[in-house]
Amino acid sequence: MEIPSSSLFSLSLVLLFFFVLATSADVHENFVQCLTSHSQNATSISQVIYTPNNSSYTSVLDFSIRNLRFLTPETPKPVVIITPSHESHIQVAIICARNHGLQIRIRSGGHDPEGLSYVSHVPFFILDVINLRSVSVDVESSTAWVQAGATIGELYYSIAEKSKTLAFPAGICPTVGVGGHISGGGYGMILRKFGLAADNVIDARIIDVNGGILDRESMGEDLFWAIRGGAGGSFGVVIAWKIKLVPVPSIVTVFTYIADKIDNDLVIIADITRVNSSEEGNKTVQVSFISLFLGRVDELFPLMQKNFPELGLVKEDCREMSWIESTLYIAGFSSGTSLDVLLDRTPDPRISFKAKLDYVKEPISEIGLDGIWKRLNEEEGAAGRILTIPYGGKMSEIPESETPFPHRAGNIYHIAYFVTLEEGVEFSNRYVDWTRRLYSYMAPYVSKSPREAYANYRDLDLGQNNDKGNTSYAQASIWGVKYFKNNFKRLVHVKTMVDPSNFFRHEQSIPVVSPWGKKRGN
């Protein structure tokens, strides 16, 4: 009897499905066996391995997912999660992943805008460094060692425990992981005075593709340069940073207004959203200005009278507090909140979001601003948010090639576009499309050739690597030059030297240039 071709096709699909399942199970089992057999302490590493059969697998996976767009049943899941408690666990994980063809995803805080620290479309495991989070502060030398799994909040808290007049120029959100934040550059409220977080790194410890543990001296200056702004997931697993702490006064001042060419001790950011108008049924655009001055109110007044006499600033508009208290204020916590909140790794509320970012070199015209307001007044604009961060000061003094982060002199500010929805609200494609329309509209008003972008605001709309890792230099340059400008070429050179097999890779990792690729002009 002849079997219909449609039945044969269906049978083939069923067999293929079970083959994929069996292969996936084999990879998972062989990988776990490799981990335990190669570990010096099988009991120790078994306590930090989570497979889908483990009752804690889902809670460990979900805990550090900061973008709910990637917390769905359809989102690809890792075959294994490892939460190393010792450096040796990472060494073994790298060796075994290479032996069994698994891709690695490295997660510290889980804030990657495109979820690349915990999502992949090829078989992968997550290396979640949440247990490697110690902070050791040396007040005498004004330095600290901070492990990659610590959050910005945990770092700030540890500094404040030891000194009221030392700080670190990192970010605003306390739940962001230090590992990824510094890897991409890391900006915050005192960037105009002290530059980026990555500008203040003086040593590091990284585990390379061969499982070796390297510090600045043993890794060499090329790799040390690359990991301070070249973004995470390309060169190895950074396990700790040695950072230079910066001096701040015992009292700082927070107040409200906006500008870009002002004293280096002063930073003012603008937070732009759509709100309900006082007129019933109408909408309006609201701009909230969040400001920090490294000094007291009496020091601030002469600056404000010189630069903004029209503001009419009075002391009642200002609040004096310590630097560590200002980190809570700027993060949006209410007055009187305990510093212990900086130790809470769980953001409230959890959100779904899409983000994009531009660099502005010339003031945006009134016509340009009117177009922004119109787009905020679209239906999806209710979930929109625009944030500007002023540059200048120290940021303009540091050469573009000093670190991979090239966005220095010539930038007035960067402007970030978000669309955010709280947990329980469906994040449909129309919200993503809204950010794309706004981004397209902004083209005439922002940097050009290239239209610059920031690696920590990762955006797959700019382009991505091939799944199999055989991306040409020309293809990767489409997005790489936007993030790194002329520094991209040096990053590719370093990557080719330290990870020629391209083990550490993801959709926007730095690619390897093969000898064949060079001959073809790639």
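**Aromatic pairs.** I counted 15 aromatic pairs, taking rings of Phe, Tyr and Trp (its six-membered ring) as paired if their centres lie within 6.5 Å, with planes under 30 degrees apart called stacked, over 60 edge-to-face and the rest tilted. I looked up Phe-31 and Phe-125: the ring centres are 5.0 Å apart and the planes stand at 45°, so I logged the pair as tilted. Phe-31 sits in helix α1 (residues 5-38) and Phe-125 in strand β4 (residues 124-128), so this pair ties together parts that are 94 residues apart in sequence. Helices here are DSSP runs of H or I with at least four residues, strands are runs of E with at least two, and both are numbered from the N terminus.

Are Phe-31 and Phe-125 buried or exposed? Both are buried, that is, under 20% relative accessible area, where exposed is over 50% and partly exposed lies in between (1.4 Å probe, protein chains only). I then checked Trp-479 and Phe-488, whose centres are 5.8 Å apart with planes at 65°, so that pair is edge-to-face. Trp-479 and Phe-488 are buried as well. I also noted one aromatic cluster, formed by Tyr-187, Phe-405, Phe-418, Tyr-454 and Tyr-457.

**Ground rules.** I kept in mind that this is a predicted model, with local features needing pLDDT of at least 70 and side-chain atom pairs counting only at pLDDT 80 or more, while totals for chains, interfaces and linings use all residues. Residues are numbered from 1 along each chain as its sequence is written, and side-chain values use heavy atoms, with hydrogens and water left out.

**Helix α5.** Next I looked at helix α5 (residues 152-162): nine of its eleven residues are buried, so the rest of the structure largely encloses it. Among the buried ones are Glu-154, Tyr-156 and Tyr-157. The buried residues of α5 pack against several elements, including β6 (143-147), β10 (237-244) and α11 (323-331), with contact meaning heavy atoms within 4.5 Å.

**Whole chain.** I found 17 helices and 18 strands in the protein chain. Its radius of gyration over C-alpha atoms is 24 Å, close to the 24 Å that the globule rule gives for 522 residues, so the chain is as compact as a globular protein of that length; the rule is 2.2 Å times the number of residues to the power 0.38. Buried residues make up 53% of the 522. Of the contacts between residues at least 6 apart in sequence, 72% join residues at least 24 apart.
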